Structure formats: structure tokens, C-alpha cells
Amino acid sequence: MDSPLLIVVGPTAAGKSGLALHVAELFSGEVVNCDSLQLYRGFDIGTAKTPARERRGIPHHLLDVLDPQMVHSAGDYSRLARATVAEIAQRGKLPVIVGGTGFYLSAFLNGLPALPPRDEGLRERLSEREQQRPGSLHRILSRVDPATLRRIQPNDTHKLLRALEIRLLTRRTLPPASEAAPLTGFRILKIGLDPDREALVKAIEARTANMFEAGLLEEVRGLLASGLTGNEKPFESLGYKQVLAHFRGELSIETAILNTEIGTRQYAKRQRTWFRRDPQIHWLPGFGSDPRIVEQATELVKYLLATPCDSSR
């Protein structure tokens with residue numbers, strides 16, 4: 001019999017973590033992170049990581065599992081997350097995946113085609129070329145694999161680098177999605193939080209202000225003092241890159257806060273667009289802290305646990 005699996009998605013600041021905690025507490029669940037940045041140790045305030053003291057004794061998985069210098073792909077996440085939810089289910093607990101990194105969630109659910117391992121020498125050469133001649137990765141990929149290029153944003157250096165690396169190593173385009181192996185063995189409920197847009201803007205504004213008031217600058221100073229350079233991947237995320245720019249004298253603190261807020265609103269919009277493509281998500285019109293939303297989510301989870309057949313996929 002398939003095991004139940006709950007997934008909570010939605011835009012940033014919608015209250016996903018709070019709802020996941022509530023459901024996990026009610027139904028003997030364990031939380032599995034699906035935020036690509038919360039995987040990294042030391043990046044806590046800017047990623048809105050739930051502090052250990054606020055986790056109500058509920059086990060949390062895939063938090064603080066990577067050093068900042070480590071590179072982690074969606075395929076890596078998929079393998080880790082699949083092993084984690086299988087282990088949770090084997091113990092008779094409810095896995096509750098929560099997060100807003102849509103590509104990681106897609107890799108977990110749908111799998112990814114087999115890809116060659118990283119070639120660090122090739123990557124270093126390509127990275128050096130990009131630094132010396134900005135836009136080189138985009139131009140080269142446009143010549144050797146224009147079909148793949150159309151799926152990548154021009155400024156997404158990491159994806160451009162990986163796509164070009166795969167093309168040069170395999171001499172073929174990215175494998176089709178049909179070669180991937182989807183997750184099996186689970187009946188899945190996907191809950192999406194969809195608060196009012198104006199209310200979400202205010203929540204993002206408040207969260208951004210709280211991040212800086214709670215010591216985001218001090219957190220970044222500590223990370224740099226520990227030996228990090230600021231070039232590690234987590235520093236590219238919202239909040240952290242603005243703080244670095246402030247430290248370099250490129251932004252005032254007021255502008256850093258404003259840019260973080262604006263960038264977060266734009267990111268939330270992209271998250272909505274990504275998750276709206278999934279017709280299997282049960283959308284709830286509010287924040288995860290709203291008692292009405294909590295009640296609706298609770299009823300959906302009760303139905304999931306009472307349904308022995310897979311009606312969600």
C-alpha cells in the first residue's frame with residue numbers, strides 16, 4: 001500500500017513552515033525541507049529558517065546539511081529527499097515536505113534524466129572564460145545547443161554553465177524529461193497557500209524588515225569572519241547579496257533593505273507562476289497562520305490519511 005506524503009508549497013512569506021509544523025504536530029509528521037538555501041549551514045536569518053527552539057520537538061530533515069562551499073544540484077536534492085521520505089514513511093510517520101524551490105520539488109517528484117557527473121576542470125575553464133568575457137556561456141550555448149538555451153534565463157550563470165558542460169561532455173542536448181523516473185510508492189497531497197496579493201506584499205515588507213532587525217548584517221559578518229569569501233552560492237540569494245553590496249559601499253543600508261524587499265516580491269511572483277502550472281495542487285486562499293486555512297488543510301490531510309488508494313497522481 002502506498003504511504004501518505006504531504007507537500008506544502010506557495011510563495012515566500014505565505015506561512016508554509018507554520019502550517020507544516022501544525023500539521024506535523026497533529027498527524028505525527030516530520031518536516032522535510034525543500035528550500036535550496038536552507039540546506040546550507042550558517043545561513044539562517046536571511047533564509048527564514050525555523051529556529052530549533054520553535055520546532056516544537058518535531059524532527060526536521062535536510063536543514064543545515066551542506067557547507068557553504070559545497071555545490072548542490074536538483075538531482076542531489078532529489079536523491080536525498082527520496083531517501084529521507086522513504087525512511088520517515090518506513091517508521092510509520094507522515095513526511096511533510098515544505099518549501100518554495102519549485103525545481104527541486106519537481107526533481108523530487110518527477111525525477112531527472114541521467115546526467116554526467118561534474119567535470120571540475122572543464123567547469124573552471126568555462127567559469128574563467130565567463131569572467132574574462134561576460135556572456136560567453138550564453139553565446140557558446142546559442143551556437144551548440146540553442147534548444148536548451150531557450151529554457152534558461154540569460155543571467156542564470158549556473159544553469160548556463162551546467163547545460164554547456166553537459167553538451168560538451170556528452171555531445172548531445174539535455175536528455176528529454178521522458179527519461180526521468182518519477183517518485184513511486186506514495187499517495188500525495190499537495191497544498192498550496194495563496195494569500196491575497198496586497199496582504200502578501202505587506203507580509204514580505206514585514207519579513208524583510210524583521211530580517212535586518214534580527215541581525216542579518218551580523219550574520220553575514222560572522223560568515224565572512226569564518227573564512228568565507230562571499231563568492232559562495234548562498235551569498236547570491238536575496239538579502240545576502242544586498243548585504244554584501246552594502247559592505248562593499250555600493251548600497252546604503254536603506255537601499256539594501258528596499259532592494260531585498262523588491263527582489264523578494266518578484267521572487268514570490270515567480271513562485272506563484274511556477275506552482276500554478278501544477279493542476280494537482282489544492283490551493284487555499286490565505287496564509288498558513290490563518291485558522292480557517294489551518295482547518296481546511298487539516299481536513300485535507302485527514303482525507304489523505306484515510307484514503308488507501310493513490311488519488312493524487
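Which residues form one aromatic cluster? They are F43, F235 and Y240, where rings of Phe, Tyr and Trp (its six-membered ring) pair if their centres lie within 6.5 Å, with planes under 30 degrees apart called stacked, over 60 edge-to-face and the rest tilted.

A word on the model: it is predicted, so local features need pLDDT of at least 70 and side-chain atom pairs pLDDT 80 or more, while totals for chains, interfaces and linings use all residues. Residues are numbered from 1 along each chain as its sequence is written, and side-chain values use heavy atoms, leaving out hydrogens and water.

| Pair | Centre to centre | Angle between planes | Class |
|---|---|---|---|
| F43 and F235 | 5.0 Å | 75 degrees | edge-to-face |
| F43 and Y240 | 4.9 Å | 65 degrees | edge-to-face |

F43 sits in the loop between β2 and β3 and Y240 in helix α10, so their pair ties together parts 197 residues apart in sequence. (Helices, H or I of at least four residues, and strands, E of at least two, are DSSP runs numbered from the N terminus.) F43 and F235 are both buried, meaning under 20% relative accessible area with a 1.4 Å probe, protein chains only. Y240 is buried too, at 0%.

Now the sheet: it's open, with six strands in the order β3-β2-β4-β1-β5-β6 and parallel pairing; two strands pair if DSSP finds at least two bridges between them. The edge strands are β3 (60-61) and β6 (281-284). Four bridges join β5 (residues 186-193) to β6, and L193 stands opposite L284 in β6.

Conventions
Buried means under 20% relative accessible area, exposed over 50%, partly exposed in between (1.4 Å probe, protein chains only).
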